[in-house]
Amino acid sequence: MRHFALPSRQSPFPQNKCRRRRLEAKPSGRGLQGAGQPPAPHPCRRSDATFFHITDVQFSSVAMIDDAANLVERVVYDAYGRARHQWPLDLGGDGDVDSADDAIMDALSGSFPIAITSGSYNADADIDRDGDVDADDAQAVTDALTTAALAFGQISDPAGPDNPIGYDGYVFNATDGTYTARFRTYFPELGRWRERDPIEPADGSNWYLCAHDKPIDSIDSLGLFTLRFI
Ligand SMILES: [Ca+2]
Ligand SMILES: [Ca+2]
Ligand SMILES: [Ca+2]
Ligand SMILES: [Ca+2]
């Protein structure tokens with residue numbers, strides 16, 4: 001049984017055997033959705049694993065960390081909730097780990113080691129989170145080449161953590177890319193609800209609009225009424 005919980009105070013970034021195994025995965029080992037091949041069993045899969053959410057101001061789950069505080073995966077959403085999943089070693093942010101990510105690290109290598117106190121320190125490139133960017137971090141990216149991206153719109157590795165909580169804290173439905181809120185179903189591709197507003201004109205004249213079409217400063221956590229948070 002998987003467990004999801006709020007972050008607790010853990011030791012910051014100790015070595016983690018699970019993460020090491022991820023770096024050693026074969027190129028075909030994960031993230032092949034959309035390519036016509038089912039994902040292979042994940043080397044990090046543990047039936048009793050505990051993962052923690054990192055959330056933003058809209059309660060969107062933007063990252064998962066494991067019980068040793070290691071980053072497992074990240075998700076970036078556009079304003080309407082369309083997701084781009086990212087592996088920890090995806091420095092370019094396009095979802096995969098490939099030569100472009102390696103090139104980003106290569107461009108930094110002339111300045112190795114780059115200490116956390118340096119103005120050129122890049123936290124994303126400090127793969128092992130030990131406070132500097134150096135050859136160890138570069139080797140981690142090289143070892144992960146090439147890892148395919150999850151299909152656009154997916155929010156979590158189905159082999160684990162298989163996190164179902166995404167944009168605005170809604171429950172993600174991986175089969176059709178929609179989100180379930182308490183009262184309605186949200187389509188991120190359309191930026192609107194599937195069902196009419198249960199309270200009808202009380203939250204505006206357009207009964208299918210989400211958060212008054214102002215997702216940058218408003219939220220509708222229940223699919224019922226809009227709250228401004230700025
Ligand atoms: Ca990439
Ligand atoms: Ca790429
Ligand atoms: Ca480092
Ligand atoms: Ca180091």
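Is Glu200 buried or exposed? In this predicted model, in which local features need pLDDT of at least 70, side-chain atom pairs count only at pLDDT 80 or more, and totals for chains, interfaces and linings use all residues, Glu200 is exposed, with 10 other C-beta atoms within 10 Å. Residues are numbered from 1 along each chain as its sequence is written, while chains are lettered from A and ligands numbered from 1 in the order in which they are written. A residue is called exposed if 12 or fewer other C-beta atoms, placed from the backbone, lie within 10 Å of its own, buried if 20 or more do, and partly exposed in between.

Glu200 has a positive phi, near 45°, without being a glycine, and is placed in the loop between β11 and β12 (218-219). Arg129, also not a glycine, has a positive phi of about 50°. Arg129 lies in the loop between β6 (114-115) and β7 (132-133) and counts as partly exposed, because 16 C-beta neighbours are inside 10 Å.

The protein contains 3 helices and 13 strands (DSSP runs of H or I with at least four residues, and of E with at least two, numbered from the N terminus). Of its 230 residues, 31% are buried. An open antiparallel sheet is formed by 4 strands in the order β8-β9-β10-β11, with β8 (171-173) and β11 (192-193) as edge strands that each pair on one side only; pairing requires at least two DSSP bridges between two strands. Antiparallel β8 and β9 (residues 178-180) are joined by 3 bridges, and Val171 stands opposite Thr180 in β9.

Cis peptide bonds join Leu145 to Thr146, with omega about -10°, and Gly160 to Pro161, with omega about 15°. Thr146 lies in the loop between α3 (135-144) and β8; Pro161 lies in the loop between α3 and β8.
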